[in-house]
Every structure is written in C-alpha cells, then in structure tokens.
Amino acid sequence: MPIRFLTSGESHGPALTAILEGMPAGLPLSPDDINPDLARRQGLGDRKGRPYIGASPRMKLERDTAAILGGVMAGVTIGGPIAVQIQNLDHDTWKGKAIEPMTIPRPGHADLTGAVKHGYNDLRLSLERASARETSARVAVGAMCRKFLSQFGIRVGSYVIEIGGVSASVDEMPLEDRIARAFDSDMSCPDESASHAMRARVEDIIRAKDTLGGVFEVVALGLPPGLGSHVHWDRRLTGRLAQAMLSIPAMKGVEIGPAFDNAKKSGTQVHDEIVLHDGALARKTNRAGGLEGGITTGGPILLRVAMKPISTTLTPLKSVDLAAGREAATQYERSDFCAVPRAGVIGEAMTCFVLADALIEKLGGDSLAEMKPRFDSLRQSRLDDLPMLDEPTVFWE
Ligand SMILES: Cc1cc2nc3c(=O)[nH]c(=O)nc-3n(C[C@H](O)[C@H](O)[C@H](O)COP(=O)(O)O)c2cc1C
C-alpha cells in the first residue's frame with residue numbers, strides 16, 4: 001500500500017510521535033490543519049463551548065498541539081516522511097517520580113495480556129502503551145490525510161448513534177446534516193433529544209461509579225468509484241476499513257452499511273438496484289454502504305463501529321494481585337467514564353488514512369500536480385465509457 005504510518009510514545013512519556021510516509025509532494029500543510037481534530041479528540045468543547053462531560057480530567061490538563069518536525073518545507077509537503085509530535089503536558093507530574101508498581105490487572109484492559117506476553121513485572125508497562133493516548137498521534141496522521149482528501153473534494157465525518165443503550169434517530173436525516181449537527185453537539189449526536197438523554201445517561205453512570213460504551217458512525221462523501229480491489233483479500237477496501245476501525249482500542253464491532261439488518265432480509269430487499277439517470281449509472285439506495293466487491297461504488301461509505309464500556313471502573317471488579325498471589329479488587333486511576341463521542345474522531349482519522357491510501361494507490365504519482373488531472377479523468381461510471389462485448393467469448397481453450 002502506498003502510504004503507511006507508525007506512532008511512538010507512552011501515555012505519560014514526554015510526547016507522542018507519528019511518522020507518515022508516502023504523502024505526495026505539493027500539499028500545503030501546517031499545524032492549523034491538525035490542531036482542530038486534536039481538540040475534537042480531547043472533547044474540550046463543541047462549537048458552543050460546552051465540554052464533553054464523560055472525559056477523564058486528564059483531557060482538561062492536556063492542550064494537544066502538533067509540531068511538524070519533518071517532511072514539510074515552506075508550508076508544503078516535499079514527498080518525504082512527515083514527522084509530527086504532540087507533547088504530553090502531564091509528563092511533568094510523572095517525571096522523576098518513583099511510581100508504585102501496578103500488580104492488579106483490570107479486566108478488559110491490556111494490563112494482563114500485555115504483561116504475560118512481554119514478561120513485564122509492572123502492569124504499568126502494558127497500560128502506558130495500550131492507553132488510547134496513542135490515538136492522538138493517529139488523529140494527527142488522519143488530519144493530514146483529511147487535508148489530502150479535501151484536495152479532491154472527499155469529506156469524512158462522524159456522529160454518535162448510541163450510548164449505553166440510548167439510541168439516536170437519524171434514518172430520515174441526510175448524511176451531511178448528521179455530520180453538521182453532530183459538530184454542534186457536546187455528545188457528537190445529531191439528534192438533539194437523544195443528545196440530552198445520552199448526557200443524562202453518562203451523568204447517571206458517573207454517579208453509579210460505572211462506565212459506558214456505545215456506537216458511532218463514520219461517513220465518507222464525494223468518493224469516486226473504483227477505490228480498493230476485488231482481486232486480493234488484503235486489497236479489499238471493505239476489509240481494510242474494518243481492520244482500521246478494529247485497530248482502535250476498545251472497538252469490538254464494525255458494520256458496513258446496515259449489514260446486520262441486511263442479514264435479516266432477502267436479496268431483493270437488500271441489493272441496491274442499478275438504474276440509468278441521464279445516461280449515467282445510478283443507485284437509488286445505498287444499503288451496501290458504498291462498497292461492492294471491496295471497491296467503492298461512488299456512493300457514500302458508511303461504517304458503524306461498536307465501542308465496549310471503559311474498563312477502568314470506580315466500582316472495583318474482581319481480579320488477582322499478581323505480586324501477592326491472591327484475589328484482590330481492582331484499583332481506580334483517573335479515567336474516562338464514556339469516550340464514545342471522542343472515539344468517533346479517531347474513527348474518522350483511521351478512515352481518512354485508509355481512503356488516502358486507496359486514492360494514492362488508484363491515481364499513482366508523486367505530487368498533487370500529477371494526481372489532480374488523473375482524478376478529474378477518473379471514469380464516472382457512464383455507459384458509453386464501458387466497452388462491453390456483444391459476442392460470446394471462449395475464455396479457456
Ligand atoms: C478515546 C478513547 C479513550 C479511552 N479512555 C480510556 C480510559 O480512560 N480508561 C480505560 O480504562 N480505557 C480507555 N479506553 C479504552 C482502552 O484504551 C482499551 O480498552 C485498552 O487499550 C484495551 O484494548 P481493547 O479494549 O481493544 O481490548 C479508551 C479508548 C478510547 C478509544
């Protein structure tokens with residue numbers, strides 16, 4: 001795949017770093033393209049300045065801003081690897097401090113699995129890297145990919161549709177409206193009355209000393225047909241998007257379009273019929289979620305992602321003290337109560353990365369100037385463009 005990225009850094013270390021490789025030259029890029037997404041991931045406030053209530057106090061402490069350390073000169077990408085760094089302001093409170101070893105693993109976190117795998121004698125070594133703090137570096141990468149996609153009119157947004165069993169009603173709402181209204185909501189939910197109910201549900205769970213998960217949707221608009229491939233398992237865009245979503249900590253389910261609902265229906269109720277509209281191929285529905293055969297149809301991509309409840313709970317869970325060798329209750333550390341509205345931003349970032357990768361794969365080229373004319377000439381699914389045979393063919397002699 002033409003682009004890739006790595007992140008490095010721990011939750012309370014000095015900084016998070018990301019290197020994004022394969023971005024073409026000629027893309028104007030500055031921290032201003034990245035910082036708004038970092039602020040959204042922190043849940044510091046919606047457009048009306050209302051902060052998100054379910055976030056850990058840590059998020060109020062941090063002020064994530066990106067420093068671009070390589071790959072950009074005079075405000076434009078040069079085609080080399082782009083390095084971005086985000087300081088951890090909380091590092092100052094941990095620096096030089098002797099920290100008690102953590103020996104009681106939290107069920108649902110990476111404490112035990114990470115320690116068993118790597119032979120750690122302090123569970124903190126697992127949690128420092130498994131922490132979703134790492135996703136701030138991913139959001140920085142996603143913001144750079146978003147800037148690249150915007151050059152071709154491709155847009156990616158997200159919104160929350162469920163928190164702790166409280167569901168939003170969005171079926172009748174156009175996708176653009178869902179994204180815009182979510183931007184104005186502190187719960188990132190386009191349905192105002194569901195937003196209030198979700199906020200109340202999070203307030204209740206904080207009082208109950210427990211945590212919540214939920215579901216968000218990611219939407220990509222303005223895509224051309226033909227991104228991805230049907231020819232190899234690892235090139236199918238469907239699988240690449242699903243993998244990207246499930247790579248986000250705490251994401252345990254992903255649906256392309258209304259996949260689980262489709263599974264209850266018959267084929268004639270589900271498949272998006274192909275019609276002619278002014279000589280062009282068109283669909284009146286998008287129950288495939290924008291993908292057929294692992295390739296974009298040209299319709300919007302719709303992903304639905306399920307997040308499990310946060311595993312650090314104020315109410316202790318049963319566990320084992322690995323140092324003492326006896327059963328013990330989990331201990332609480334400053335933590336989110338519900339992170340679903342913030343997780344949607346990470347889903348957007350990973351979607352932007354996968355789509356930028358697929359677009360560069362489709363267009364080829366090393367600079368934006370090279371790619372733009374190729375994008376403009378992408379086949380628009382017009383009937384005249386498809387040179388169909390009208391004679392039988394012997395395929396295998
Ligand atoms: C935005 C976001 C914030 C999170 N905040 C917390 C948190 O404060 N406390 C916690 O225990 N887990 C939190 N998690 C979840 C853990 O990172 C995750 O459960 C852990 O890494 C184990 O991975 P797994 O759930 O994929 O198995 C958060 C996840 C995301 C996406």
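Residues are numbered from 1 along each chain as its sequence is written. In this predicted model, local features need pLDDT of at least 70 and side-chain atom pairs count only at pLDDT 80 or more, while totals for chains, interfaces and linings use all residues.

**Around the ligand**

The ligand is surrounded by 20 residues. A residue is near a molecule if its C-beta atom, placed from the backbone, lies within 6 Å of it. The closest are Ala 132, Pro 249, Thr 312, Asp 336 and Ala 339. What is the shell made of, in nonpolar, polar and charged residues? It holds 10 nonpolar, seven polar and three charged residues. Here Ala, Val, Leu, Ile, Met, Phe, Trp, Tyr, Cys and Pro count as nonpolar, Asp, Glu, Lys and Arg as charged, and the others, Gly among them, as polar. Helix H12 (residues 340-363) gives the most to this shell, with three residues. Helices (H or I, at least four residues) and strands (E, at least two) are DSSP runs, numbered from the N terminus.

Thr 65 sits in the loop between helix H2 (58-61) and strand E3 (66-70). Leaving out residues up to four places away in sequence, Thr 65 touches Pro 31, Asn 35, Leu 38 and Ile 86. Contact means C-beta atoms, placed from the backbone, within 7 Å.

Helix H1 (residues 35-42) has Asp 37, Leu 38, Arg 40, Arg 41 and Gln 42 as its buried residues. Gly 43 follows H1, with a positive phi near 70°.

**Strands**

Five strands form an open sheet in the order E8-E7-E9-E15-E10, with antiparallel pairing. Strand E8 (166-167) and strand E10 (251-256) stand at the edges, each with a single partner strand, so one side of each has no neighbour in the sheet. Two strands pair if DSSP finds at least two bridges between them. Two antiparallel pairs are listed here.

| Pair | Bridges | Facing residues |
|---|---|---|
| E7 (residues 155-163) and E8 | two bridges | Ile 163 and Val 166 |
| E16 (residues 318-321) and E17 (residues 326-329) | four bridges | Lys 318 and Ala 329 |

E16 and E17 form a hairpin with four residues between them. In the turn, Gly 325 has a positive phi of about 70°.

Conventions: Contact = placed C-beta atoms within 7 Å. Buried ≥ 20, exposed ≤ 12 C-beta atoms within 10 Å, placed from the backbone.
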